[in-house]
Amino acid sequence: MSNDQNHSVWDRFLPIINRRDFILTTLATGVMALLPRTVSSQSAQPYRIGVLLPTTGSGANYSERPIKGLPLIAAEINKRGGLSGKHPIELYFRDTQTKPDVGAREARSLILNEKVKTIIGTWSSAVAMAVQEVTHEHKVLHLAATSNSSKIVHENYTPYSFLFGPDSRMQSNATVVAIAKMIKAKGWKTYVTLGLDYEWGRDAQKVFVTSLGQTSPETKLTKEFWAKLGETDFTSYISAIMGLKPDFMFGAIAGKDNETFLQQAKASGLFKRIVYPGVFLPVTELMQQRKTLPRGIVGLARCPFFAHMDNPMMQQYVKLYQDKFGKADYPDDFACMYFDALNALDQAAAKAKSIDTETLRKALTGATINTCRGRLAIRDCNNQLDAPSYVGEVVDVPQYPFPIFDPKTLLVIKGDEVWLPSCEEVRKLQKKRS
């Protein structure tokens, strides 16, 4: 991609960044970079962070607010001098195109050409796992805030990767907790699944089916459906599901595909005939589908701001974001998790009084950090944040111009309630690396 093409991709987001804080520049390597405009005479070397997110492909829908918001958090840290009070943060952006080979290539380029010390990203778990191989090889920190296949912290584990949302195992098990209550109350006997046929979709479906089989063995899976990533026509799947007449269905669908499915399923009358609990509904979807989203369906989220408006850090995130982008816009789940990831790095640097990679890695491993979801621990055997999952009924409320999860019935399932119970089990799954 040429520099002009690269610039046009990022023009959607970065020109509205506060130019008082950063200089926006295109580097010879095609990287869009944000460099601090003001550097104190006391500043030491800057700390370079690579941001790998898709601005094209299926994951682009969930990248906008993290890309817009990360410079705001970096600017706040830089006002205090940067990491450890003296290393101002520079941000280097690259588009992964939601492709593993591209993500790995861009990660390598950021490390070798731009000398970044940490990579934040990306959306697709398949891309994140490709990036893990590069960051492990070069001993660079990798903060995964959106991608959440459980393999990132299990089968593909590396001590340099840290996961800031609930992994797919935790998320699916949280859905099982909620659905098991519904099964008991409603006497459901059968269900089907519809998943996206790639790493995250396969992993989330497998964990859900396995966990529900243990929790409610009398409930039978009658059919698995798999749609390709980027599917635009779900009508054949919807017709087949309606023909089977299950009591409920489980979906492992995200991004633009999720929005497409919901609209087509609603138009086909699926939700009037078959219950669809646990559909992935981050704040992104709640805002974008405010007019069409069926009320009363039960959704799942990873970091909804409305669940933590009593937390000062969440209040700060929302204020920073809305001061810049307007009162009608809110940071979504993905933005909040990226903000927490960058703030975690800041807290580790303050604790370690260093930006040395090995020192920072050790400071993060097993740490308890302040997040917009409260004080949460990072598990020392796999670097998984004790991140909650959120399950709730979609309702309209007077405070917001879009639906949220009903505060009266919202379930917040803690991470340590649904992750693998022991580190011994975790270590049995982990890849042995050199």
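**A walk through the predicted fold**

Thr-122 turns up in the loop between strand E5 (118-121) and helix H4 (125-138); helices (H or I, at least four residues) and strands (E, at least two) are DSSP runs, numbered from the N terminus. This is a predicted model, where local features need pLDDT of at least 70, side-chain atom pairs count only at pLDDT 80 or more, and totals for chains, interfaces and linings use all residues. Residues are numbered from 1 along each chain as its sequence is written, and side-chain values use heavy atoms, with hydrogens and water left out.

Two other loop residues have backbone angles worth a look. Lys-115, in the loop between H3 and E5, has a positive phi of about 60° although it is not a glycine. Gln-97 sits in the loop between strand E4 (89-95) and helix H3 (100-113), and its phi is near 60°, again a positive value in a residue other than glycine. Gln-97 is partly exposed, with a relative accessible area of 23%; buried means under 20% relative accessible area, exposed over 50%, and partly exposed in between (1.4 Å probe, protein chains only).

On to the sheet: three strands form an open sheet in the order E9-E8-E10, with parallel pairing. Two strands count as a pair if DSSP finds at least two bridges between them. Strand E9 (220-227) and strand E10 (248-252) are the edge strands, each pairing on one side only, and the twist averages 20° from one strand to the next. Strand E8 (residues 190-196) and E9 run parallel and are joined by seven bridges; Tyr-191, for one, has Leu-221 in E9 as its bridge partner. Two helices lie across E8, E9 and E10: helix H6 (residues 199-215), running at about 145° to E10, and helix H7 (residues 235-244), running at about 170° to E9. Axes here are lines fitted to C-alpha atoms, for helices over the stretch in contact, and angles run from 0 to 180 degrees between N-to-C directions.

Elsewhere, helix H2 (residues 64-79) packs against helix H11 (residues 312-325) at an angle of about 110°, with the axes 10 Å apart. That makes H2 roughly perpendicular to H11, a label for angles of 65 to 115 degrees (under 35 is roughly parallel, over 145 roughly antiparallel, and the rest oblique). Contact means heavy atoms within 4.5 Å, and on the H2 side it comes from Arg-65, Lys-68, Leu-72, Ile-73 and Glu-76, while the H11 residues include Tyr-317, Leu-320 and Phe-325.

Not counting residues up to four places away in sequence, Phe-261 touches Leu-194, Phe-234, Ile-238, Met-249, Ile-253, Leu-270 and Tyr-276.

Finally, His-154 lies in the loop between strand E6 (141-144) and strand E7 (161-163). His-154 is buried, with a relative accessible area of 2%. Leaving aside residues up to four places away in sequence, the residues that His-154 touches include Asp-167, Arg-169, Asn-382 and Leu-420.
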